[in-house]
Amino acid sequence: MKYQALKKKAFFATAVLTGTVMLFPVGCPAAAEKDIQNYTDTDFAMDTVVSETLYTTGDDINSKLTSILTDVEKNLLSWTNESSQIYKVNADCGNDTEISEELSGYLERILAIAKDSNGAFDPTIGELIRLWDIGGENQRIPGKDEIQEALKDSGYKKVSLDGNMVHMDKGCSLDLGAAGKGIGCDSILEYLKTQKEVSAALMNLGGSSVMTYGSKPDGSSWNVAVTDPRAENDDDYLGVVALNGTEFLSTSGDYEKYFIENGVRYHHIMDPSTGYPAKSGVTGVTVVCDTGLEADALSTACFVLGVEKGAQLLKAYGADGLFVDEDHHVYLTEGMKERFTVWRILQNEADLPAIWFMTVWQRECSYPRYLR
Ligand code: ADP
Ligand code: MG
């Protein structure tokens, strides 16, 4: 992959833990447990590695699930594919363009998050993103004038939606990349609901967007391990987040795509108000809520907003969040507190990796802090 050189490992890995059991009395599969087969697959879609786990009494439909993601990218969201709706909207800027009901629904929610985050999440900064090209072959620190030029035509207020008609000022363009994987997860969920044989599924897109559906045959919860954003080893986890089978989890971090120059980390999440990589003091944000789009967009927004403002935004959306700051403090919203288990509790203390003690546990016992 283009950004392989500095792309750090995934923030999340799915972890199945013993002892954490949730019961799902409603919607349990009628089929006997022994009839349910478990299929797993690893594929590539939406420019990322997709891990799929399926529990079903029917066929293995993992490849179908991947194709749904590919279709969302190709037909709806792609910035470069001429057949995608976003491509057409961008090509037609300055005019009214008709889009599908599906895309207008997504766009409406995206514009709401842009507004509610006061533009911290902005789907019109594509030009700025390509100028920096973080993780790409042409990544570099652009000049101030170039940044101003790229920002000149951007701004979510330049996009308006009236039913299925979208209008965008001339020069403005849409890039839904920061919510794309979440939208892909939402589409998968809609499809799974029509598949009566499927009792449970987990989709993990690049480690940063996770969808859970239904309940596993043994009734245990879906557990997602949260990696330390500054971890030196792949299995340095902060802890585990439990999802209940109707929830989505998304993470945004400054370690996913970045380069370091003169000791400064330039990463891929931009602050639209400055045109530079966001510097809100956080290194990673994890959001859990009941839709993929919101989880994905909110994690990006929260990364830009930082802990306090980010937590307020999450509250407005009824979402849970976990923030890690540059001092390696971890902040949890009330709801996240309920679903997060500190790794230390799960492990024999003696087995914990050194970095845990160095950077978290010995720091004035400040971990975790609870947000109200
Ligand atoms: P990832 O897609 O790597 O898992 P995110 O969901 O946080 O992570 O999305 C980051 C991507 O979103 C960037 O690579 C960039 O294309 C785009 N982006 C960066 N900053 C913003 C922002 N402030 N608002 C909207 N999109 C952004
Ligand atoms: Mg995102």
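Helices α3 and α6 of this predicted model pack at an angle of about 130°, with their axes 12 Å apart. Axes are lines fitted to C-alpha atoms, for helices over the stretch in contact, and angles run from 0 to 180 degrees between N-to-C directions. That angle makes α3 oblique to α6. Angles under 35 degrees count as roughly parallel, over 145 as roughly antiparallel, 65 to 115 as roughly perpendicular, and the rest as oblique. The crossing of α3 past α6 is right-handed. A crossing is right-handed if the near helix is turned clockwise from the far one by less than a right angle, and left-handed if anticlockwise.

On the α3 side, Glu102, Tyr106, Arg109 and Ile110 make the contact; on the α6 side, Ala179, Ile183, Asp186 and Ser187 do. Contact means heavy atoms within 4.5 Å. By class, this contact of α3 with α6 has four nonpolar, one polar and three charged residues. Ala, Val, Leu, Ile, Met, Phe, Trp, Tyr, Cys and Pro count as nonpolar; Asp, Glu, Lys and Arg count as charged; the others, Gly among them, count as polar.

This is a predicted model, in which local features need pLDDT of at least 70, side-chain atom pairs count only at pLDDT 80 or more, and totals for chains, interfaces and linings use all residues. Residues are numbered from 1 along each chain as its sequence is written, chains are lettered from A and ligands numbered from 1 in the order in which they are written, and side-chain values use heavy atoms, with hydrogens and water left out.

From α6 come Ala178, Ala179, Gly180, Lys181, Gly182, Ile183 and Asp186; from α7 come Gly292, Leu293, Asp296, Ala297 and Thr300. The residues of this contact of α6 with α7 divide into five nonpolar, four polar and three charged.

| Helix pair | Angle | Axis distance |
|---|---|---|
| α3 and α6 | about 130° | 12 Å |

Helices (H or I, at least four residues) and strands (E, at least two) are DSSP runs, numbered from the N terminus. Helix α3 covers residues 101-116; at 1.5 Å a residue its 16 residues should span 22 Å, and its end C-alpha atoms are 23 Å apart, which agrees. The expected span is 1.5 Å times one less than the number of residues. In α3, Leu103, Ser104, Tyr106, Leu107, Ile110, Leu111, Ile113 and Ala114 are buried. Buried means under 20% relative accessible area, exposed over 50%, and partly exposed in between (1.4 Å probe, protein chains only). The buried residues of α3 pack against α1 (62-77), α2 (85-91), β5 (159-162), β6 (165-168), α6 (177-193) and α7 (292-305). Just after α3, Asn118 takes a positive phi of about 60°.

Helix α7 has 14 residues, which should span 20 Å; its end C-alpha atoms are 20 Å apart, in agreement. It is mostly covered, with 13 of its 14 residues buried. Gly306 follows α7, and its phi is positive, near 85°.

**Single residues**

Ser173 sits in the loop between β6 and α6. It is buried, with a relative accessible area of 12%. Leaving out residues up to four places away in sequence, Ser173 touches Trp79, Asn90, Pro123, Thr124, Arg130 and Met168.

Tyr213 belongs to strand β8 (residues 209-214). At 16% relative accessibility, Tyr213 counts as buried. Beyond four places in sequence, its contacts include Leu189, Trp222 and Gly245.

Ala278 lies in the loop between β15 (276-277) and β16 (282-289). Ala278 is buried, at 5% relative accessible area. Ala120 is 158 residues from Ala278 along the chain, and their C-alpha atoms are separated by 9.2 Å.

Asn262 is exposed, with a relative accessible area of 77%. Its place is the loop between β12 (258-261) and β13 (264-267). Phi of Asn262 is near 45°, a positive value in a residue other than glycine.

**The whole chain**

The protein chain has 11 helices and 20 strands. Of its 372 residues, 53% count as buried. Among contacts between residues at least 6 apart in sequence, 65% join residues at least 24 apart.
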